[in-house]
Protein chains: 2
Amino acid sequence: MLDIIKKRRSIRKFTAEKIGQEKINAILEAAMYAPSAANKQPWYFIVIDEPSIMKKIMEVHPHSRMFETASHGILVCGDLNLQHGDGYWLADCGAATQNILLAASSLSIGSCWLGVFPRVERMKAFKELFGLSQQVEVFSLIALGYAAENKAIPERYHPEKVFMNKWGHKKNEL
Amino acid sequence: MLDIIKKRRSIRKFTAEKIGQEKINAILEAAMYAPSAANKQPWYFIVIDEPSIMKKIMEVHPHSRMFETASHGILVCGDLNLQHGDGYWLADCGAATQNILLAASSLSIGSCWLGVFPRVERMKAFKELFGLSQQVEVFSLIALGYAAENKAIPERYHPEKVFMNKWGHKKNEL
């Protein structure tokens with residue numbers, strides 16, 4: 001698990017191989033096993049496999065060129081009326097998105113998290129493109145496919161980001 | 001990995017056994033391998049092992065009684081000046097928080113995610129308690145310890161939460 005967490009990288013070039021439905025379902029299942037505030041599970045997922053929709057995504061989102069080769073996309077949405085309190089949908093959808101990336105990695109599928117929230121113009125454009133209900137907002141978009149690029153594992157552990165019991169405090173053992 | 005994702009449950013009763021420093025470091029490393037918008041890594045982590053601080057947490061947060069038995073806590077914070085755009089720290093800290101829960105599970109450590117954002121009164125109280133810098137805000141608090149309770153795996157896969165290419169659309173194979 002720790003290995004999969006460390007090996008996950010944003011993949012932006014994919015092979016022509018399509019992801020099978022069983023694996024897509026496993027990834028969606030992982031998403032729905034994310035924790036959510038008061039267990040409200042306020043999420044919806046739109047699976048994208050239509051090339052015409054991928055083309056429209058690339059017209060709307062400035063960093064979405066990887067959809068030229070992606071096998072699938074998953075749009076992670078939150079229902080503002082289903083969430084526990086005003087704003088918890090962001091935490092819930094964040095956890096679900098991360099589960100999608102890790103589940104994909106564990107199935108040897110490459111992924112790239114495209115930011116939608118908090119960019120209001122992207123949220124609006126996607127809401128329109130996918131015909132979302134009034135109370136549903138887009139949190140993130142994930143591109144999925146089999147990687148056609150290799151990326152090294154960078155060093156991301158920075159002990160200076162950790163304090164003990166109080167801001168600015170350190171312990172010798174850290 | 002999918003198994004760990006499915007088996008993770010919120011644990012609120014812990015044994016007296018303390019988590020070793022090596023495992024805490026592994027969990028923090030997993031947190032820092034979360035993706036972040038434009039790779040800004042705008043997070044900070046405060047590890048809590050002082051009983052006096054845990055007591056104060058229980059005075060501030062209404063759902064934190066598990067700190068009576070928790071071995072450690074991790075406060076996940078975001079630096080608003082380090083984030084990529086106004087609001088991305090929420091997605092970044094959400095992914096880091098989920099990595100903490102999953103890394104803990106993979107090490108047989110129980111965890112519970114306590115919501116802080118978007119509860120302004122909790123954010124303010126924790127900011128004061130931990131003496132955070134002006135530009136740093138609290139996203140979440142995680143209680144950690146060895147589980148003293150067993151929880152069954154619920155069914156959380158709901159196919160009705162999935163659409164194909166457009167809101168409300170289904171495909172037979174889903």
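# Chatting about chains A and B

Colleague: Hi! Where does P118(B) sit?

Modeller: Hello! P118(B) lies in the loop of chain B that runs between β3 (110-115) and α5 (120-129). Keep in mind that this is a predicted model.

Colleague: Got it. And what kind of peptide bond leads from F117(B) to P118(B), cis or trans?

Modeller: That bond is cis, and its omega is near 5°.

Colleague: What about F117(A) and P118(A), then? What joins them?

Modeller: A cis peptide bond links F117(A) to P118(A), with omega at about 5°. You will find P118(A) in the loop between β3 and α5 of chain A.

Colleague: Let's zoom out. How many helices and strands does chain A have?

Modeller: Chain A has five helices and five strands. Reading from the N terminus, their order is α-α-β-α-β-α-β-α-β-β.

Colleague: And how does the radius of gyration of chain A fit with a compact globule?

Modeller: It agrees: a compact globule of 174 residues would have a radius of gyration near 16 Å, and chain A has 17 Å. If you like boxes, the C-alpha atoms of chain A fill one of roughly 55 × 40 × 30 Å along the principal axes.

Colleague: How many polar contacts cross between chain A and chain B?

Modeller: There are 38 residue pairs in polar contact across that interface, counting pairs with both residues at pLDDT 80 or more.

Colleague: How many salt bridges go across?

Modeller: Two salt bridges are found across the interface of chain A and chain B. In one salt bridge the side chains of K6(A) and E29(B) meet, at 2.9 Å from N to O.

Colleague: And how many over all chains?

Modeller: Searching the whole structure gives eight salt bridges over all chains. Among the salt bridges is that of D3(A) with K7(A), whose closest N and O atoms are 3.0 Å apart.

Colleague: Why are D3(A) and K7(A) about one helical turn apart?

Modeller: Because they are four residues apart in helix α1 of chain A, which separates them by about one helical turn.

Colleague: Last one: which strand of chain B pairs with β5(A)?

Modeller: β5(A) pairs with strand β1 of chain B, residues 43-48, in the parallel sense over three bridges.

Conventions: Residues are numbered from 1 along each chain as its sequence is written. Chains are lettered from A and ligands numbered from 1 in the order in which they are written. This is a predicted model: local features need pLDDT of at least 70, side-chain atom pairs count only at pLDDT 80 or more; totals for chains, interfaces and linings use all residues. Side-chain values use heavy atoms; hydrogens and water are left out. A salt bridge is a side-chain nitrogen of Lys or Arg within 4 Å of a carboxyl oxygen of Asp or Glu. A polar contact is a pair of N or O atoms within 3.5 Å; within protein, one must be able to donate a hydrogen and the other to accept it, and residues adjacent in sequence count only if both atoms are side-chain atoms. Two strands pair if DSSP finds at least two bridges between them. Helices (H or I, at least four residues) and strands (E, at least two) are DSSP runs, numbered from the N terminus. The radius of gyration is taken over C-alpha atoms; the globule rule is 2.2 Å times the number of residues to the power 0.38.
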